[in-house]
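Have the model open and follow along.

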Amino acid sequence: MTSLEQHLLWIDGHMTPLSEAFYGGLFRTHPHIKSLFGVASRAARKQMLRQILSSVLQLDEPWVRDELADTGRRHRADLEIPVEMYAMVQQALLAALEEVSGERWTPELATAWNEKLDAVTAATLENA
Ligand code: HEM
């Protein structure tokens, strides 16, 4: 098992603090993004974080890539999310992972996560 897989398993038991750190940090750094999320978007927020994390280890699966591309299409068509915002979300998630992980965080994990999140973003933006 790679250390990224182990870390992801650990994260799975810490989804509430991760979600708070991720969306809290994202909205603090980019207040304009907060208004894109509806007031009753708790379920959607959870779904979004889940899809990003659950895709990380399965990016070779065609159905996972198809689902990400579908999400990307909906984000463009229904939410008009500009491409530039993907880097903001990725940065906020990386910072939240680091914050929640405390002493578990290593430079190797940071590199591995960054590469995986790049790949998730690329698959989501496939037809952009
Ligand atoms: C990294 C790739 C991303 C993935 C996999 C992803 C995934 C999701 C999922 C699964 C949902 C639930 C609704 C649906 O399925 O359409 C969602 C909702 C949403 N996402 Fe994303 N997302 C991504 C990036 C982004 C970015 C960059 C933004 C820009 C701010 C964003 C903003 C939103 C908003 C505003 C909602 C709707 C919340 C509501 O219903 O109020 N997402 N996302």
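How far apart are the end C-alpha atoms of helix 5 (residues 62-77), and what should its 16 residues span?

## Helix 5, end to end

The model is a predicted one: local features need pLDDT of at least 70, side-chain atom pairs count only at pLDDT 80 or more, and totals for chains, interfaces and linings use all residues. Residues are numbered from 1 along each chain as its sequence is written.

Helices here are DSSP runs (H or I, at least four residues), numbered from the N terminus. At 1.5 Å a residue, helix 5 should span 22 Å, and its end C-alpha atoms are 22 Å apart, which agrees. The expected span is 1.5 Å times one less than the number of residues.

## Two sides

Leu 68, Gly 72 and His 75 of helix 5 are buried (20 or more other C-beta atoms within 10 Å of the residue's own, with C-beta atoms placed from the backbone; exposed is 12 or fewer, partly exposed in between). Down the axis of helix 5, the buried residues fall within an arc of 60°, so they line one face; the arc is that of the directions from the helix axis to the C-beta atoms.

Over on the other side, Pro 62, Trp 63, Asp 66, Arg 74 and Ala 77 are exposed.

In the contact with helix 7, Arg 65, Leu 68, Ala 69, Thr 71 and Gly 72 of helix 5 meet Val 120, Ala 123 and Thr 124 (contact: C-beta atoms, placed from the backbone, within 7 Å).

How values were computed. Helices (H or I, at least four residues) and strands (E, at least two) are DSSP runs, numbered from the N terminus. Two residues are in contact if their C-beta atoms, placed from the backbone, lie within 7 Å.
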